[in-house]
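I'd like to walk you through one structure, going from the overall layout down to a few packing details.

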Amino acid sequence: MYNQYRQQMAVKIKSMIKPEHRRILCVGDALPEIEASAKEHGLEFVYLENISPDWREISREHPHFDSDLPAKHFDLLLVYHALEQAIEPERLMLELRKAVQPEGQTFITAYNIGHISTIINLLTEGWTYQDDGALRHQHVRYFSNESLRHLMDMVGFEFIDEVVYQMVQTPVLTRQLSQMMKNPYLGILSFVMIGRKINTFPFIDFEDDAEKEPPPKRIPQKKSTEAQ
Amino acid sequence: MKLGFLPLFKPESFQESSFSASGLDYFSAHLIGELIALIHEQVPEVQAFIQLSMGTMLKRSPDAVVIWATSPCFGQVASLAENLKTYLDTPIWLAGPHISYLPNSLPESVDAGIIGEADLPLLALVKAYLQHGNKLGSIQYRKIAGLIYQSRGRMYSGTPAQEAPNLNRLPIPEYQHLQSIQGFSAPIVRTSRINDTLITTLAYPPTRKPRLLHPEHICTQIENIVANYKKLLAGYAVAPEQARYLRPVFIPDFQFVLQKKRLIALQSEILKRKLHLECLFIVHLPPEAINDENLKILKSISVSKIALSLGPFGHQSSLLPTCTPDFLKRALELCRHFHIGVVGQLFLNPEVNTRPAQLAKTYRFFRDEIQGFERMHVSVLAPYPGTPLWDHYQSKLRLKQEDLAHVPWDSFDWEHFSPSLPLANTHLDRQYLSEAYHSFKKLFDNNNSPTLKSPINEDLSLLTKAVNAQQFSELYLKKEDRVLEVVAHPDLMVKPFLFQSVEQIFVKAGQLSGPAPQEPIDLAFMLGSLNCLRDPEAGLEQIAKYLAPEGRIYIIIPNPSFLGSISQILKWKGEHSSPQNKILKFITPEHLKQMLEKYGFTLVKQDYTIMEEVEAIRPTVETLANAIEKYGSQRIPQDVLYVNEIKMLAAKRT
């Protein structure tokens with residue numbers, strides 16, 4: 001089931017890449033077809049795993065990648081099932097953001113924790129990890145449509161559109177639960193969120209980041225009261 | 001004589017029948033409490049009262065009206081005075097900090113304005129009225145120190161204001177007057193008269209020299225508040241040990257803590273009068289005063305919350321305390337250690353040269369540390385008279401004294417960024433400030449809970465933890481046992497509640513962090529921390545190595561099938577990713593048992609915590625389970641859905 005999903009998703013993402021995406025940074029699971037195709041067309045394609053496999057551990061304790069990425073360089077940031085593996089997805093995205101051109105785009109692909117198959121798993125077996133899907137063994141973060149949008153908002157990517165991968169299991173139950181819980185995403189296996197880098201506060205890039213802090217406050221010297 | 005006080009509040013503070021005043025409004029109202037007490041004591045024949053609207057004021061037919069205006073609502077003064085004059089042929093006097101900073105801008109319908117502290121000039125005005133009645137005019141005003149007044153279209157100032165000769169002998173404020181203000185919450189106690197902070201500058205009329213109140217006088221004020229509370233709550237059945245949780249007192253000025261000797265004297269007086277058993281304190285502090293020694297003293301007198309007023313890092317405004325990110329981070333950790341909640345107000349632009357980089361640095365700090373605050377508010381400082389922005393604003397827009405009456409002060413709103421706000425900052429434009437304001441607001445709103453953490457709940461939770469730890473200790477620990485605690489979140493620590501010596505290892509970024517114990521451990525605690533590891537198996541294996549032969553491990557894991565978390569997913573809330581030390585791996589009880597077995601443990605005991613109010617949600621659970629069983633052909637083990645936590649005690653096999 002997931003093999004088919006991976007194949008179809010790669011085709012889908014490939015179809016979304018536009019001619020202006022000349023420099024692509026990919027983080028997360030490998031997308032060999034897209035990498036091969038990009039290189040064939042003379043595009044720059046950097047797979048972060050190859051140069052900085054520590055990306056999953058970006059956190060308060062480990063704030064930067066081991067290898068430096070060029071700043072404001074890439075036109076497209078492909079985040080392919082990476083957020084689910086990251087200790088602090090928000091911090092990872094903020095680091096990746098630095099390498100993206102102003103107005104550059106991102107396609108964030110993540111599994112939907114609220115897919116009906118996961119819900120059934122939670123209700124019947126607890127939280128049993130699997131080889132792929134939202135409950136994949138190496139996953140440590142779990143996303144819904146709302147939390148992905150919230151994440152984009154917090155890391156300075158404006159939400160433009162979303163592409164969903166639908167996989168309906170137990171359709172009658174899905175329909176019933178969707179109505180009961182007012183949840184339209186029970187049949188959605190994963191999302192591709194399309195975002196654009198924005199340059200508003202607090203994500204604005206400070207060209208003058210080295211700008212000196214104002215000098216420390218001087219305590220006025222007490223004037224001598226003695227007559228001169 | 002009937003003397004009516006009309007405190008002005010921002011119009012938006014009144015929404016239909018409710019009233020939600022800003023901090024300044026409360027400060028301003030409390031100051032009137034002091035003035036009324038003074039008048040009642042010094043001139044008993046005067047009946048002084050507060051009315052919050054013109055309509056109710058007219059019904060009381062006062063002989064004179066005092067309009068009390070802070071800067072944010074000064075724009076209402078002119079029209080209000082004009083309307084009052086239309087219906088009441090009585091003197092209208094204006095007081096408050098704004099008029100004190102603008103001694104030449106008296107609105108037309110106002111007869112006299114009080115400059116600086118109002119106690120003595122107001123007393124003199126009242127006495128003059130008693131003597132001259134409606135004939136009171138410029139001849140009498142001229143003789144009262146601290147007044148400005150109008151005569152034949154010109155403005156005159158009286159002699160300079162005098163200061164109250166002995167501050168400690170001024171009467172105690174009458175807090176029952178303030179109970180007419182709906183939403184009236186923590187009464188305010190001032191321990192000094194100093195305009196040394198932004199809050200005191202905007203809320204209190206300026207004073208010429210700093211003056212401190214005596215600890216005995218301050219404690220008498222607090223006793224007075226407690227007596228008022230008792231009267232107010234007399235009709236309600238409240239257990240005596242819980243009563244203090246209903247009696248908060250707010251101390252706004254920094255002078256409460258800044259002098260160590262005085263703080264100790266205050267502590268001693270509060271303890272002597274047992275006031276710490278009668279009420280809770282909320283204290284406004286400069287970050288520099290947050291240290292181990294001060295917090296110990298504050299905790300001993302029932303300080304439950306600390307309020308901070310902050311500006312962007314690196315600012316040099318004299319009216320807001322300065323601090324560095326590192327210092328503030330340490331201060332928050334210290335407050336957490338003492339179980340004192342932190343609330344605060346951030347002013348984005350306390351000076352004209354606030355720079356974008358300062359705001360960005362401040363934002364980054366709050367993004368990382370926001371969980372240390374129970375509640376934060378963000379404000380854009382308007383160039384009110386008395387603020388550091390005022391002079392620059394005046395020179396940039398070249399306002400003349402006569403223009404001041406026409407400045408739309410009510411369009412300045414320091415609590416909400418308004419696009420029409422005139423700005424005079426040299427490095428921030430309107431768009432940038434707006435983006436910054438909304439970003440901070442979003443960050444704070446995401447963290448702020450609708451209500452502050454209740455001190456009674458916090459204390460009960462601490463007590464429960466202490467009792468549980470004590471029981472656990474009696475059951476499973478000997479005095480000489482070596483104990484190890486694996487901590488994922490400070491709120492879950494057991495160390496403070498145990499008598500045994502406890503070593504700690506922390507979970508950071510999904511890994512165990514900290515030095516390994518030097519000697520074998522008799523009991524290891526993992527209260528929720530196993531789930532915060534990227535690889536729980538490896539973590540458990542590591543901890544097992546630290547244990548002595550027959551050493552034990554006590555583990556609590558959240559139930560992965562708990563309905564609370566599943567319902568969040570069903571409502572497509574999912575989970576947000578930002579909080580530190582979030583659960584990374586859910587573990588089923590079966591998986592935990594397998595892991596324990598694998599690393600040489602024998603299960604000694606297993607227990608559960610069941611969620612409260614199971615019956616309330618049982619119908620929903622049954623509907624859900626029935627739907628899944630009917631349409632999904634899956635059987636749902638319902639009982640497990642109500643289990644909150646799973647607890648296991650296991651012993652290492654020799």
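So, chain B first: it has 21 helices and 23 strands. Helices here are DSSP runs of H or I with at least four residues, strands are runs of E with at least two, and both are numbered from the N terminus. Before I go on, keep in mind that this is a predicted model, where local features need pLDDT of at least 70, side-chain atom pairs count only at pLDDT 80 or more, and totals for chains, interfaces and linings use all residues. As for labels, residues count from 1 along each chain as its sequence is written, while chains are lettered from A and ligands numbered from 1 in the order in which they are written.

The C-alpha trace of chain B spans about 100 × 55 × 50 Å along its principal axes. Of its 654 residues, 43% count as buried. Buried means 20 or more other C-beta atoms within 10 Å of the residue's own, exposed means 12 or fewer, and partly exposed is in between, with C-beta atoms placed from the backbone. Now contacts: two residues touch if their C-beta atoms, placed from the backbone, lie within 7 Å. Take the contacts in chain B between residues at least 6 apart in sequence, and 77% of them join residues at least 24 apart.

Next, the sheet I like in chain B. What is the strand order? It runs S19-S18-S17-S20-S21-S23-S22, an open sheet of 7 strands with mixed pairing. Strands pair, by the way, if DSSP finds at least two bridges between them. On the edges sit S19 (511-513) and S22 (601-610) of chain B, each pairing on one side only. Neighbouring strands are turned by 20° against each other on average, direction ignored.

Let's look at S20(B), residues 521-527. This strand is mostly covered, with 6 of its 7 residues buried. S17(B), residues 483-487, runs parallel to S20(B), joined by 3 bridges, and there Val483(B) has Leu523(B) as its bridge partner. S20(B) also pairs in the parallel sense with S21(B), residues 547-558, over 6 bridges. There, Leu523(B) has Arg552(B) as its bridge partner in S21(B).

Staying in chain B, here's a helix pair. The axes of H8(B), residues 215-232, and H11(B), residues 260-272, come within 9 Å and cross at roughly 45°. That makes H8(B) oblique to H11(B). Axes are lines fitted to C-alpha atoms, for helices over the stretch in contact, and angles run from 0 to 180 degrees between N-to-C directions. Under 35 degrees counts as roughly parallel, over 145 as roughly antiparallel, 65 to 115 as roughly perpendicular, and the rest as oblique. On the H8(B) side we have Pro215(B), Glu216(B), Ile218(B) and Cys219(B), meeting Arg262(B), Ala265(B), Leu266(B), Glu269(B) and Ile270(B) of H11(B). That contact divides into 6 nonpolar, no polar and 3 charged residues. For the classes, Ala, Val, Leu, Ile, Met, Phe, Trp, Tyr, Cys and Pro are nonpolar, Asp, Glu, Lys and Arg are charged, and the others, Gly among them, are polar.

Now, where the chains meet. How many residues does the contact take from each chain? Chain B puts in 41 and chain A 47. On the chain B side, H14 (356-369), H16 (430-447), H19 (563-570) and H21 (614-632) each supply at least two residues, and H14(B) gives the most, with 6. By class, that side has 19 nonpolar, 13 polar and 9 charged residues.

Over in chain A, why call H5(A), residues 116-125, largely enclosed? Because 7 of its 10 residues are buried. Those buried residues, Ile119(A) and Leu122(A) among them, pack against H7 (171-181) of chain A, together with H19 and H21 of chain B. Just after H5(A), Gly126(A) takes a positive phi of about 90°.

Last one: H7(A) and H21(B). Their axes come within 8 Å and cross at roughly 160°, so the two helices are roughly antiparallel. Val172(A), Leu173(A), Gln176(A), Leu177(A) and Met180(A) of H7(A) make the contact with Ala627(B), Ile628(B), Tyr631(B) and Gly632(B) of H21(B). By class, that's 7 nonpolar, 2 polar and no charged residues.
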